[in-house]
Amino acid sequence: MRIQPVIMVILVALLVCTPLCCAAGTTDSTKAILVTYQYKDGKITTISSRVVYGYPPNNVGGTDIRVDLKGKNGAVLGSFGIDDPRILYHEEGADLQEEVVFTVLLPFSTDASSVSLYESRSGAVMATTDISSAISSFCASHPNDPQCGAAAKPTQAGIGYGIVLAAGAGATLLMRRRG
Amino acid sequence: MYPWGGYCLRARPVYILVGVLLAVIGLSFATMAQSQCPSTCSCLLPGDAKAKGYTSLCGGKQTLCGYDKSRNPMYCYQKPSPTATTKATTTPTTLPVTSCPSACSCLLPADAKAKGLTSLCGGKEILCGYDQYQNRKYCYQVPATATATPAPVLCPSSCSCMDAAGAKQAGYTTYCGNSQAICGYDQYQSPKYCFVIPTATTQGIGAVSTRTPGTLVTPAPPTLPVAAAPGRCTISGNIYRFFHDPHTLRIRVTNLDSGTDSMQDVTPVYSGDLVSHYSYLVLAGCNGNYRIEPVYEPYPGACRWTGTFAPARSSDVHLSGTSETGWDFTYVPEDSRVPDVSVVPNPATPEMDQDVRINIEAVDDSSIVFMAARYEMIFVDGTRRSVDWQELAVTPGIAYRPGDTPPQTGHFTITDDRLARIEVTARVCDSGGNERWGSGTVMFGSCSDRVQNRDELGIDCGGAYCPACRECAWCGEDIVPLLLNGNPDDKIDVVFIPDTSYGGNRDTFIDDVWDAIENGYYANDAISGNRNKFNFYYLDDEADVTAYPACGFTPPLGSCEAFQDATTFADSLAVLHTDNFRDWSSTKCGRRVFSSEPTSYRTFVHESGHSVFGLKDEYCCDSHYSQNNPNPNIWQNETACRNDALTEGWDPDDCDNFCPSGSGNCGAGFWDIDPNICIMTCSQSCDRCGAAGMCQYEQACLRRVNWVFSQFS
């Protein structure tokens, strides 16, 4: 009978920290779209595009080039800014490189279809890239990804919650036996 | 913040919680009065009671019955009754045996009956032994023989009249005059003889034992018992319910006939490891009138108690030829409330190297007349230094809540640096002489000292003090989080990368990173004020960078693709190198990367101005210039600058054509409006910032920085 208070404490502790375990153990399937370009002789051409797991950068501060992520119907899903990738800052000033390969990293969306780059000052289109094949290729190789149409995978959160429930059930059984 | 962080499934928090509950229970016990326990109860520490299965308090009340050697309070617990579930033991119970007086024989009852011995010695069952079958044997009176009982003789002054067993127990080994001269008979009619008194064992009336003040230890019982000299007798008794320092208690014996008096120590009587009560034994003439008085005697470091002693019989003893026993006293305290003592540091959780004031708070229903503290300092390198007892001045304190008894406080201050913790012990005396000890541990550290100290589960996270440690689900195998404030989509993520110049010395690199964060980023007011909007990490592999103009960059992780995949979330990537060369910021492996020496603190803030906040340089003339709308920090013409200034309430006359038309890369010219110094005006070699210190983001720069910050929570 003396063990009862301890078990009660354990149960309360489990109850309190259940959401914490779940919160702490959360993993997600956040993905980023990476489009790589070559900037040469004032022209930007697409080299490749792909989708990877990971958060994209915030792309907040840059202003030289506007990057629009567009949906299948042409609607802008998100607009971002990057600095001119040709700029090479150094301790004596800055140079504008003639040729540079740069990558734009954007948030993933299943509705995304293309990425367009605009010169911010003039609004001129610098490049447009069809990314639908990159998305379909990713989903083909990750059929269980929830954003590729599959059911949600069991996450660490679910596992954590299961452990908590199991522990709680075990403690209750123990308490009954002792009691 | 979550109090238990992410380790809820471990057992430790449960123990902590149980410990807290026990502590609360323990504290509530402390207010109980002192008394001795009834025979059906035992005086135990709460922990011992629990361990022994004594679950019920005696009489259902918390009755203070004494203290252990560490001055922890003890209480009366009901002895558990045997239950049906108690397993019967087969071990025979063996009771202690006593030697029979010389006029008696130790026999089995059957044997005694067979010998015709029907009278128990002294009329009582005196257990004197067991036979081979564990049957008990008792002392039976042996009938007196026909031989005439010799008349007792008077022992010489150098001898004492004692029975043989008593003499042996007292260490009196030599018969007086080497002959067994009978000097009397005890209550069993056993003869007593004259034994030579060992010189060292006598302690005559008027002799006062010499005592040396010292630590609070229970006095050891005398090595040899005091025996009555010829013509002398003894008076003995017990002192009950006296829970104060026994050094402060002495027995004054006054010869009422002569008016002379003497002082005698008390001797502790143990029950197991605990003092049950005290006893005394004083010498006196066998015929006379004496007064026995337990009295207070000052003793260094011990509380002065106030109370009286209730005699079981009387304080005055009349001796008429024999010794007297059973002259007992019971202490009656004037104040039975024991003070509560707590150690309260201020601040409660001092940061590393911060001075801390240690307050000792005592709560009692009477005044606190003495307060002292000692402490041990444990430094971060593991060394220790102790400070012995020091008396503290006691002043009235303030109650935390209306209606509470205000504490009486004393304090001292610790100013030593590099402390990990301080272990403080305090003790107080109230005006009734009740003494109580308290202790506390002061833990140094903070949730931003970059050290995993106190009870932190990670660096500056977890445990009782800091925010719960965050798991970095997005970090992958190659990114190590240093300081996380949230998910990367809501924070500015800065990733540091070691250069090969570190030679794989990751500890040095990490130290340099923290140094750059502290003296670079956090030295800038705007960033420091928004430090919760940053996440800092490092990449656990080396890049190889070379100086401008080559600006070489060999990516970590073996390829640009692996480097990109590992750092997708990074808003700023900084490569630290230990060699000194001209740094750069450029697109490498598709990402904006900058190089820096670890102590080029301004470089971090300047480069973050580009990569994080989109600021343009404000120096002429060989940078790259464009008006960075919205919230620009440079304008492509004066009108735009002046209009913006008027909108913001700045002085339009501060618009400065810092990059004149036709100069370098200035094109048609550019204007700025930061009349003092913005870090974008210069970088590490920014003389106008002064030799030391950090340049700030100013006016137009600051507006844009705050605009970017406003997009993060």
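I began with strand β10 (residues 232-240) of chain B, which is joined to strand β14 (residues 274-285) of chain B by 8 bridges and runs antiparallel to it; strands here are DSSP runs of E of at least two residues, helices are runs of H or I of at least four residues, and both are numbered from the N terminus. Two strands count as paired if DSSP finds at least two bridges between them. I note that this is a predicted model, in which local features need pLDDT of at least 70 and side-chain atom pairs count only at pLDDT 80 or more, while totals for chains, interfaces and linings use all residues. Residues are numbered from 1 along each chain as its sequence is written, and chains are lettered from A and ligands numbered from 1 in the order in which they are written.

Next I followed an open sheet of 4 strands in chain B, in the order β12-β11-β15-β17 with antiparallel pairing. Its edge strands, each pairing on one side only, are β12 (261-265) and β17 (316-320) of chain B. Strand β15 (residues 287-296) of chain B is joined to β17(B) by 5 bridges, and I located B:Y290 opposite B:V317.

I then turned to two helices of chain B, α5 (residues 506-521) and α8 (residues 601-611), whose axes come within 8 Å and cross at roughly 75°; axes are lines fitted to C-alpha atoms over the stretch in contact, with angles from 0 to 180 degrees between N-to-C directions. That makes α5(B) roughly perpendicular to α8(B), a word used for 65 to 115 degrees. Taking contact as C-beta atoms, placed from the backbone, within 7 Å, I found B:A516, B:N519, B:G520 and B:Y521 of α5(B) meeting B:Y601, B:F604 and B:V605 of α8(B).

Last, I looked at the largest nonpolar core, where, of 94 residues, A:I33, A:V67, A:L106, B:V495, B:I497 and B:A574 touch the most other members. Such a core is a set of buried Ala, Val, Leu, Ile, Met, Phe, Trp, Tyr and Cys residues joined through C-beta atoms within 7 Å, buried meaning that 20 or more other C-beta atoms lie within 10 Å of a residue's own. Strand β1 (residues 31-40) of chain A gives the largest share of this core, 6 residues.

Key
Angles under 35 degrees count as roughly parallel, over 145 as roughly antiparallel, 65 to 115 as roughly perpendicular and the rest as oblique. Two residues are in contact if their C-beta atoms, placed from the backbone, lie within 7 Å. A residue is buried if 20 or more other C-beta atoms lie within 10 Å of its own, exposed if 12 or fewer, and partly exposed in between; C-beta atoms are placed from the backbone.
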